[in-house]
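Hi everyone, thanks for having me.

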Amino acid sequence: MMFQQSSRSLLDASKKSSSFRWTSSVGRTFSSRSPQDWVTTEETDDPSIAILKMNRAPANTLSLEMCTEISKAIKELESNKKTQAVILTSSLPTIFSAGLDLTELHNPDKDRLPAFWGAFQQLYFDLYGSRLATIGAINGHAPAAGCMLALSCDYRIMSKGNIGLNESKLGICAPPWLGQQFIDTIGLRKAELALNMGTLFDTKAALDIGLIDEIVGEDDVMDVAKTRASQWVAIPAPARVACKELTRGRQLNELKENRKQDVDHFCSFVNQEAMQRNLGFYFEQLAKRKK
Ligand SMILES: CC/C=C\C/C=C\C/C=C\C/C=C/C(=O)SCCNC(=O)CCNC(=O)[C@H](O)C(C)(C)COP(=O)(O)OP(=O)(O)OC[C@H]1O[C@@H](n2cnc3c(N)ncnc32)[C@H](O)[C@@H]1OP(=O)(O)O
């Protein structure tokens, strides 16, 4: 990996607290196959290009285990010298990733919360700082932390859904490093407006503000993603890695140096009564929406 980060203690803690079937604070039961199946990697006919698919129905939300599984998959791909690019996509029909798993944030387990945020930070390090060329094949909604996954890729194509940082609608705010990724991508004024309003952009609006690089037809996503990956791989790897370091190194190092403070800040922010009230309200609305 280009920007090697150490998070052993946090990730070790996460393993102890794994649970894969639970009832949320609003009474919904989540269950799924084991976390090992939530993320799969596939080869393509080009040995330098791999596919990383998120398969955590119903919404590819980022729980502690989901973050850890994606990080693990990236590291495994990076450990193969032949692999030079990865296409990040979803196997769900309409959702790329619905962002952080709100069951982690609402009425949180006090011991698990720091490990959860540490795993989310680690995912940012692993994806944003990967030595691989990363192509986001965004084939559905990508709000909040789902947008972070997209922003962490080198090139973003999108076929459908909405994308953006809608945290303010939940009564929370994106952490500084995610906000900075957004600002670095679309510029300060556009980011300022979108962050404050919690705007989610459809594909056309996202292309207009530079949040994505290309709109593609639903049936063309993987073909276009492979073509773009080939173009990135054609650039000599040391040059690609150096360019990434040039554009992303400062931001990655800043969080690396402030990792513990960021975890503490997150935990005290989320544990505030008002935050919990807002999150609970949003979560209930989400659960009731269809009914
Ligand atoms: C100073 C700052 C310091 C620290 C920072 C503090 C906080 C952290 C801040 C920011 C980082 C990032 C935060 C987040 O990512 S928060 C999550 C934001 N995500 C959303 O708001 C998306 C919510 N979901 C939706 O709007 C829709 O689900 C979506 C449009 C994506 C898809 O709609 P669709 O109709 O296709 O599916 P649904 O029926 O709504 O969803 C299926 C199923 O999944 C459940 N679900 C969806 N999203 C989440 C989620 N994020 N967490 C948990 N569960 C989720 C949904 O309720 C449905 O469940 P069920 O009814 O049981 O089938």
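Let's begin with two helices, H6, residues 176–186, and H7, residues 188–197, which pack with their axes 7 Å apart and at an angle of about 130°. Because of that angle, H6 counts as oblique to H7. If you look at the handedness, H6 passes H7 in a right-handed crossing. On the H6 side, the contact is made by Gly179, Phe182, Ile183 and Ile186. H7 answers with Leu188, Lys190, Ala191 and Leu195. Sort the residues of this contact by class and you get six nonpolar, one polar and one charged. Keep in mind, by the way, that this is a predicted model.

Now let's step back to the whole protein. It has twelve helices and ten strands. How much of the protein is buried? Of its 291 residues, 42% are buried residues. And here is a number about the fold: take the contacts with a separation of 6 or more, and 76% of them are between residues 24 or more positions apart.

Where does Ser159 lie? You'll find Ser159 in the loop between strand E8, residues 155–158, and strand E9, residues 163–164. Is Ser159 buried or exposed? Ser159 is buried, because 20 other C-beta atoms lie within 10 Å, and the cut-off for buried is 20 or more. So who are the partners of Ser159? If we leave aside the neighbours within four places in sequence, Ser159 is in contact with Asn139, Val216, Gly217, Glu218 and Val221.

Last stop, the ligand. Which residues come nearest to the ligand? Out of the 32 residues around it, those are Ala98, Gly99, Leu100, Ala144 and Ala145. Three helices each supply at least two residues of the shell: H3 (102–105), H11 (259–271) and H12 (273–288). The largest share comes from H11, with four residues. And what classes make up this shell? The shell around the ligand has 20 nonpolar residues, along with seven polar and five charged ones.

Terms used:
Residues numbered from 1 in each chain as written. Predicted model: local features only at pLDDT ≥ 70, side-chain atom pairs only at ≥ 80, totals over all residues. Near = placed C-beta within 6 Å. Nonpolar A, V, L, I, M, F, W, Y, C, P; charged D, E, K, R; others polar. Buried ≥ 20, exposed ≤ 12 C-beta atoms within 10 Å, placed from the backbone. Contact = placed C-beta atoms within 7 Å. Axes fitted to C-alpha atoms, helices over the stretch in contact; angles between N-to-C directions. Parallel < 35°, antiparallel > 145°, perpendicular 65-115°, else oblique. Left-handed = near helix turned anticlockwise from the far one by under 90°.
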